[in-house]
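Here's a quick walk through one model, with pockets and a helix pair as the stops. Have your viewer open and follow along.

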Amino acid sequence: MLNKGMLFSLAASLFLVTGCMQMKPIERLAIINARGVDLSGEDLIDTTLVIFQFDTQTKDISKIASGTGKTIKEARYDANTKTSFSLTPGQIRLELYGMDVAKKGIFPYLNTLVRDARTSDRVLLAITDTTAKEVITKGQEETNINVGLFMNGLINQKIQDDSIPKTELYDFTHAYFEKGQDPVLPIISSVEGTPKFSGIAMFQNDSYVDRLTLHDALLINLFQKTIHSAPFDISVQSEPLKPYFQKSLSGQKEEEIHLNGRIIKGKNNTQLLDKNQLRFQTDITIQMNLLEMSLELELENKGVIAKLEKQIEKQIKKKYETLLEKTQEMKADPFGYGEIYRVHKANGELEKNEWREKYPDIDVNYNVDVKIVEYGTIR
């Protein structure tokens, strides 16, 4: 049993700890779960906050608040003057940046996330091609649910099915500080008031330079990691496959066959072949299920699958070559070829500006190997 002295010490400790804590009843809190950041004038930040407000007098607990200031925190304090609840940022799940912020550079606005111990490094980051305020306010009106959770779901769905690279705070800051790779982020547009995932944003360091398609995002993700369950659409030339058309389709004149499938395993291996000539080789290996075709083929024919695989390989190779050219024009490397180059340098060092100048001159040979494992519902 504890003696009286020990009991007194324990009680005193609890009293002191309790005295240090600021008690905030949940009924007085408004939990911020998403934040939009725009520029207001030359030196002011305009924030739009999506909050959970625990008001027992209303069933609508999802609200929008806004404020302006010279810093993110000052803008939140301003927003707090317009609500009777205490705004707390500890549960932010999504930070959305307007296009003006994205072009200027978003890293200064990440400070409040990085420095706040309550903020998880798994906060999702995204930009919009308009203003964050427009996407959030109109989205809240149209979806009639918490628009922060809605946009969070849009992005997480794509991440979970391996269609896009991870876009959490940790991933962005890692790519930002990585010498030889540039970050990417999702683009959220407002379509008739409803938020829509519309593309992927390319950055030079922390500044937006251009946009890529969702198909491009899949190619980048396949380069960065092994993927296991990604929806996959591609079109192939029909001419090499005409001998395998079903008889009822022999008169069809479509130039392309559109394929829908799912990548069940996709991985890459990249090597630097010549450091001086900046020559790389990237091997892409894909196992996939084929679920649907716009024109039916005689799949029971032994040669048709091999022929179809070759046509898919040809198209993927072409897509990678086109994507490489686009990113070279941007002088932004989402793949990380610069990181591969850096580890082969004698001193292992590489400046970002150095690779920015070299990247447009690299040459990559893409080897693609595709295996159709199952024919799905079209067998």
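A pocket here is an open set of points on a 1 Å grid, with protein on both sides within 12 Å along at least five of seven lines, and its lining residues have an atom within 4 Å of a point. Keep in mind that this is a predicted model.

Let's start with the second largest pocket, which has a volume of about 180 Å³. Its lining is made up of Lys158, Asp161, Ser163, Ile164, Leu214, His215, Leu218, Pro231 and Asp233. Two elements, H8 and strand S10 (230-237), each give two or more residues to that lining, and H8 gives the most, with 3 residues. By class, you get 4 nonpolar, 2 polar and 3 charged residues.

Now move over to the largest pocket, at about 400 Å³. It's lined by 21 residues, and Pro165, Asp171, His174, Gln181 and Gln224 are the ones nearest its centre. H7, strand S7 (184-191), helix H8 (214-224) and strand S11 (256-274) each supply two or more of the lining residues. The top contributor is H7, with 5 residues. The lining splits into 9 nonpolar, 8 polar and 4 charged residues.

H7 also has a helix partner. The axes of H4 (residues 107-115) and H7 (residues 169-177) come within 12 Å and cross at roughly 130°, which makes H4 oblique to H7. The crossing is left-handed. On the H4 side, the contact uses Phe107, Leu110, Leu113 and Val114, while H7 brings Leu169, Phe172, Thr173, Tyr176 and Phe177. Those contact residues come out as 8 nonpolar, 1 polar and no charged.

Definitions and conventions. Residues numbered from 1 in each chain as written. Predicted model: local features only at pLDDT ≥ 70, side-chain atom pairs only at ≥ 80, totals over all residues. Heavy atoms only, no water. Axes fitted to C-alpha atoms, helices over the stretch in contact; angles between N-to-C directions. Helix = DSSP H or I, 4+ residues; strand = E, 2+ residues; numbered from the N terminus. Parallel < 35°, antiparallel > 145°, perpendicular 65-115°, else oblique. Left-handed = near helix turned anticlockwise from the far one by under 90°. Contact = heavy atoms within 4.5 Å. Nonpolar A, V, L, I, M, F, W, Y, C, P; charged D, E, K, R; others polar. 1 Å grid on protein atoms, 1.4 Å probe; cavity = no way out; pocket = protein on both sides within 12 Å on 5 of 7 lines; lining within 4 Å. Points joined across faces, edges and corners; volume = space filled by probe spheres on them.
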